[in-house]
Amino acid sequence: MAEENRSVGGTAASGEKDFADTREDIIKSIQAKQPDIEVLYDLAELFKVFGDSTRIRILYAMFEKELCVNDIARLLNLSQSSVSHQLRILKTSKLVKFRREGKSIFYSLDDEHVRAIISMGMEHVEEDE
């Protein structure tokens with residue numbers, strides 16, 4: 001009977017070691033795929049920019065057409081100064097781009113990634129509705 005307990009105990013200990021080894025392999029595998037901490041910091045900063053509802057409204061307004069500051073201000077009932085400030089942040093974060101036409105400056109979404117991020121966010125928000 002004591003021999004049985006030893007082998008059962010040995011098997012249990014062996015099973016725990018196998019489990020711990022498997023978990024260690026999983027952790028090492030995930031660690032190997034993790035981006036550099038600086039990249040994750042930049043990603044967090046990007047999401048902070050999306051954390052402001054005024055900036056989201058501006059981005060959403062530019063979803064279909066490029067707009068000038070005056071267009072955005074009128075559309076969203078904001079001051080031109082406020083719009084300009086938010087556009088500066090969006091431009092610095094590479095979420096919007098601009099082009100000059102004479103004295104006018106037109107803003108648009110920087111690329112399809114920005115459109116995709118907003119679309120996916122909207123899809124997620126509307127899932128439960």
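Trainee: Is Tyr60 buried, partly exposed or exposed?
Mentor: This is a predicted model. Tyr60 counts as partly exposed, because its relative accessibility is 42%.

Trainee: How many aromatic pairs are there?
Mentor: The count comes to 3 aromatic pairs. One of them joins Tyr60 and Phe63: the ring centres are 5.3 Å apart and the planes lie at 20°, so this pair is stacked. Planes under 30 degrees apart count as stacked.

Trainee: And Phe63, buried or exposed?
Mentor: Phe63 is buried, because its relative accessibility is 15% and the cut-off for buried is under 20%.

Trainee: What lies over the face of Phe63?
Mentor: Arg115 does, at 5.0 Å from the ring centre.

Trainee: Why is the pair of Phe98 and Tyr107 tilted?
Mentor: Their planes are at 45°, with the ring centres 6.2 Å apart, so the pair is tilted. Phe98 is partly exposed, at 42% relative accessible area, whereas Tyr107 is buried, at 10%.

Trainee: Changing topic, where is Arg55 found?
Mentor: Arg55 belongs to helix 3, which covers residues 53-61.

Trainee: Which side chain of opposite charge is nearest to Arg55?
Mentor: That is Asp52, 4.2 Å away. A salt bridge requires the charged atoms to be within 4 Å, so Arg55 is buried without a salt bridge.

Trainee: Which residues does Arg55 touch, leaving aside those up to four places away in sequence?
Mentor: Arg55 has contacts with Lys48 and Val49, and also with Gln86, Ile89 and Leu90.

Notes. Residues are numbered from 1 along each chain as its sequence is written. This is a predicted model: local features need pLDDT of at least 70, side-chain atom pairs count only at pLDDT 80 or more; totals for chains, interfaces and linings use all residues. Side-chain values use heavy atoms; hydrogens and water are left out. Helices (H or I, at least four residues) and strands (E, at least two) are DSSP runs, numbered from the N terminus. Buried means under 20% relative accessible area, exposed over 50%, partly exposed in between (1.4 Å probe, protein chains only). Lys and Arg count as positive and Asp and Glu as negative; His and the chain ends are not counted. Contact means heavy atoms within 4.5 Å. Rings of Phe, Tyr and Trp (its six-membered ring) pair if their centres lie within 6.5 Å; planes under 30 degrees apart count as stacked, over 60 as edge-to-face and the rest as tilted. A charge sits over a ring if NZ of Lys or CZ of Arg is within 6 Å of the ring centre and within 35 degrees of the ring normal.
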